[in-house]
Structure formats: C-alpha cells, structure tokens
Protein chains: 2
Amino acid sequence: MFNNLLIIGCGLIGSSILRGSISKKISKNIYVFEKSKKNISFIKKIDTKIKFLKKIDYKISNMDLIVLSTHMSEYNNIIKKLLRYISSKNLITDTGSTKRNIENLIYRNEKLKKIFVPSHPIAGSEVSGPEFGNKNLFKEKWCIILKTNDKSSKNLKKIEKFWKKLGSKIVFMNSNDHDKIFSITSHLPHLIAYNLVKTAIDFQKKNKTNIIKYSAGGLRDFSRTASSNEIMWRDIFFENKDNIVDSINIFIRNLNNFKRLIKNENNINILKILNNSKKVRKQIIDLKQDISKPNFGRDN
Amino acid sequence: MFNNLLIIGCGLIGSSILRGSISKKISKNIYVFEKSKKNISFIKKIDTKIKFLKKIDYKISNMDLIVLSTHMSEYNNIIKKLLRYISSKNLITDTGSTKRNIENLIYRNEKLKKIFVPSHPIAGSEVSGPEFGNKNLFKEKWCIILKTNDKSSKNLKKIEKFWKKLGSKIVFMNSNDHDKIFSITSHLPHLIAYNLVKTAIDFQKKNKTNIIKYSAGGLRDFSRTASSNEIMWRDIFFENKDNIVDSINIFIRNLNNFKRLIKNENNINILKILNNSKKVRKQIIDLKQDISKPNFGRDN
C-alpha cells in the first residue's frame, strides 16, 4: 500500500498500528519516531526491520503516510517541525480522541488542510505503552474519519483503506458531531470514574476507615477506568472543554432529579429509569459493543 | 452443621447459597421457599434432594437456620409470617445490601432481636435468577456480619461458621458503618451508572443520533453495572436514602470542582486527581479486589 510509513509516538495505539501494519504488510518500510528510550528498546524487539527516525528532518518528505499518535498536547510542536519538510505528496492522519482542536490546528495552514485527514480509532485500554500493543486492537472497532470539503477524495480513500486494512469499521463524521458524541459516551464516563474514586478517597480521609477493600460492589470497575493514562485524559478534558462542561451539567441535573426521586420514594419514576438502562444494555450487546457474559468480578 | 436449612427467596444469591450448602454438606435437609414457578422449576434441576416449602407454616419451627434472600421490600411481610412459628431455637440471617433498615425491623420484636443475625455477602453480578447461581460465588469474598450486644455469641459464631463454610472472609461491623461505607463503594457507583446511561438516552433523544453504537469508549462498562436488577436497586436506594443522598452531594461537589479545574485548565490539580486515582487502582489490585489484567473490551 505504501513505500514509507512513519508512526510518530509509539505507545499503546502507535505500537498497535505498527504491529497491524507489519502483519498486514501495509508498507514496505516502517519508520518510528519515539522520544522514550524505554519505549524504543521495547519496540526494537517487535521486529528487526523497524527503522527509527532520530529527528524530524528531510527524510519526512519521503513518507507516504505519517500517523500522529502522541499525546495531543504534543501535536503543536510536532506539526511545526513537520511543516518544514512536508508537501502535497505526503499524507498525514492522527489518532487523537478529540477532533475540533485538531481541525483548528490544520486550518491554520493551507498545506496541512489538504493532506491531513484526522481520524480516531475507538480502541484502547486503561493501560498504556508499547508493551500492551496488539495487532488486532482495531479489529471490528469503529474508526471515525473526519470528512471535510477541502480534502481530496483520493486522500480520504487512502486513510479509509489504511484503517480498513487494520480491521476497523469506518464512519465519516464532522468534528462537532464527533466531539459532542464522545463527550457523552467516553469523556464523561472517564471523568465520572475519576471523580467517583476521588469521592471514595475523600471519604476514607474523613472517616479514617479503609473502604477500598470493599470495592467489589461497584467501585472496583470504575477504578479500572480511572487508572487510564493521566496525560491523555488531561488533554482530552482540556481540548473538549465546552462539550464536557455541557455533559457534566446535564449529568448533574439528572443526579439531582434522581436524588429527589429517592427522597420522595417515587417508585414509578425510579423503576422507569432503571428499566430504561437495562434496555440500553441490551442495545449495546445487540450492537456487539460488549458481550452478554455476566460479570462476577474478573477473578471468576 | 445443621439438620434443616431453609432458604427463602432463591435467586442469584439464594441459589448460590443453596449450591454451596449442598456442595459443603452444610445441612442434612435443605428447604427452599420460592414464589416464582419459573425459578422453582429451575431449582428442581439443581438437585433432586432439595425440598420445597409451599407456605410459611408450622414446619418453620424445625429450621435450624433460615436464610432470607428475597428483595428487601419483601422482608416485612415474610418476617410477619415467620414470627408466628419461630422460637429461640431457630436462627435467622439475611443477605440484604443495606443493614440499618433490617436492624430496625428486628428491634421491634424481642424474639427476633436474639435470633436474627443480619449479614451481607459482597458478591453478585448484574444478572439475576437461580440460573446464574454458583457454589463458589462467595469464595474469597467479604461477608459482613452485624455485631450487636444483644446477640448471643453462640448465634454469631454459627452464622460466622456458615459463611466461612461457603468460602467467605468475615468482617464484623455495625449497621451505621456498613451503610455509610457501601453507600460510597457500591450504591453510589450503581446510581451513577444508571444516571450516566440516562444522560446518554437524553442526548440521543435530543440530538436524534445513535450514540449507543459508540459506547466502547467507556459507556459500555457503565451500562453493564446499570443493567442490574431494578427491584433490588430500588430497594437499596430507598432503604439507604440518607447516606446515599449525602454521597450524591459529595460527588456533585467533586464534579463541580473538576468542572472549574477544566475550565481554568488547571494542569497541576487535574493531574493530581488523575494520579491519585491510579494509586487507588493499585491498592484495589494489591487487596485482590480485582486482577491487573488489562481490559481491551471483553471480546479481546
């Protein structure tokens, strides 16, 4: 598919793209640009044919596809450097979790506008680093590709084909819809998980009791989500601020309403909310976003 | 251990006690009182020696241990009927998720006060019904036993031994501590999961977009918790109202604070919260309340 593929930032996502690209023979040569020495020594073990770029230099102009999979807070710096070497012959995509900010970044430059097709694979874990990467990470998972009028259909198709080769199911979306939807289905759940754990920490401090040991009744599952990479999530919270603040407000409104229903022991309305939840769960399973196998704690 | 054991209410928890009791030979005879015909026909298949009580009658007086594992909203009715037949020779325990309410119920009657030792095994799942029961459900799980001065140590010891035989690790607690602790580690997480799913439903209705299909980024895991039995959870929310309202208030305070930190892009304080979460996760794993195996979605 390509002669030269460059992956910038090779953590969980980057190294999964790397592994998938090797396995699917997506490119003749695969280059990696990665800052962490620890990560580099790990990546070297994946395949001896992987080439490493020591810096962003003239070699960039030969890259058919550049995949940005660093933390989003590093994009600005990297793109500045890339701009010195890229031309309309290159193609760039990324894997960032928010998209309006990336689009704004691209729109500042006429060259970038045409060759940067932002994307967002909906895959990951609470762990990070290349040691957890997996060639099948994107298999059967959604990948959102941003569609705007200023991209050539040729470039859009190349990015679509790239993610399809890695196993993804493709959806085209605009950045506003993307950032709104994921503020609810992903950013809010993570933010809530972090704050639920914080609430438990606050309680422990105030009451001087160890409550963490009784976490099997629910807290445990949230703590997994709340152990996700802190830099990645800080970036998401800052970059999608407006939508996330809206989501928090709607959620708090729902919580206050639920509190009133409990106080008044409003049987009918409480049962309605709990039953509606169950229906959504069924949809999620029907849509193959989860399996129906019951969970009794992950040790059973 | 016993001649006659009676399990009243034989769903996920009751049938797990049933299976464990058979496997560990806890009682010569095991009786079940269960209202649902569907459940009874299922339970019959577990073991042909299981005896069924058709109603609460004089046979109750021969039961060495009676385990109440119905929904808590049924306790009042059942206890009224039991009181006609029980004496100081019987022993009662239960499996309800809140304990102050049960204690209040017991304290109304001098007979009950001495022979009812409330307990709460911290085990379960989002699924319910005897078909999901498991003889190892309580293995290595905490079981909270309420300790009060008016119980004879003989009765406390019997209940302790009973749960230990089923594999539980025992903790003695008073009802106030119990209800406070679990309002944070269990009731709040469930309530939040229900309301997060409701927030997603509200968003779908308002924006007429299917967002459920993008639930893999976080919502999916909450939807599992939010598919738990609605009668059980309504009962918990109503019975532990005061503690839960307090927990919601602390949680909303944390959310509002987090919202401010995002708005101001307060890097240091956000990272502090996210990093502290990670430490709690480590504690939960060290305490063997979860395994460290990363989660990439339950299909991987």
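Two residues are in contact if their C-beta atoms, placed from the backbone, lie within 7 Å.

## Model and numbering

This is a predicted model, in which local features need pLDDT of at least 70, side-chain atom pairs count only at pLDDT 80 or more, and totals for chains, interfaces and linings use all residues. Residues are numbered from 1 along each chain as its sequence is written, while chains are lettered from A and ligands numbered from 1 in the order in which they are written.

## Domains of chain A

Chain A is assigned domain 1 (2–173) and domain 2 (178–286); the bounds come from an automatic or database domain assignment. The centres of the two domains of chain A, taken over C-alpha atoms, are 31 Å apart.

In chain A, 13 residues of domain 1 are in contact with 14 residues of domain 2. The domain 1 side of this contact has three nonpolar, seven polar and three charged residues. Here Ala, Val, Leu, Ile, Met, Phe, Trp, Tyr, Cys and Pro count as nonpolar, Asp, Glu, Lys and Arg as charged, and the others, Gly among them, as polar.

## Contact between chains A and B

Between the chains, 88 residues of chain A are in contact with 88 residues of chain B. Helices H7 (175–207), H8 (219–225), H9 (230–239), H10 (241–263) and H11 (267–286) of chain A each supply at least two residues of the side that touches chain B. Helices (H or I, at least four residues) are DSSP runs, numbered from the N terminus. H7(A) gives the largest share, 20 residues. The chain A side divides into 47 nonpolar, 21 polar and 20 charged residues.

The same surface serves both copies, as 100% of the contact residues of chain A recur in chain B.
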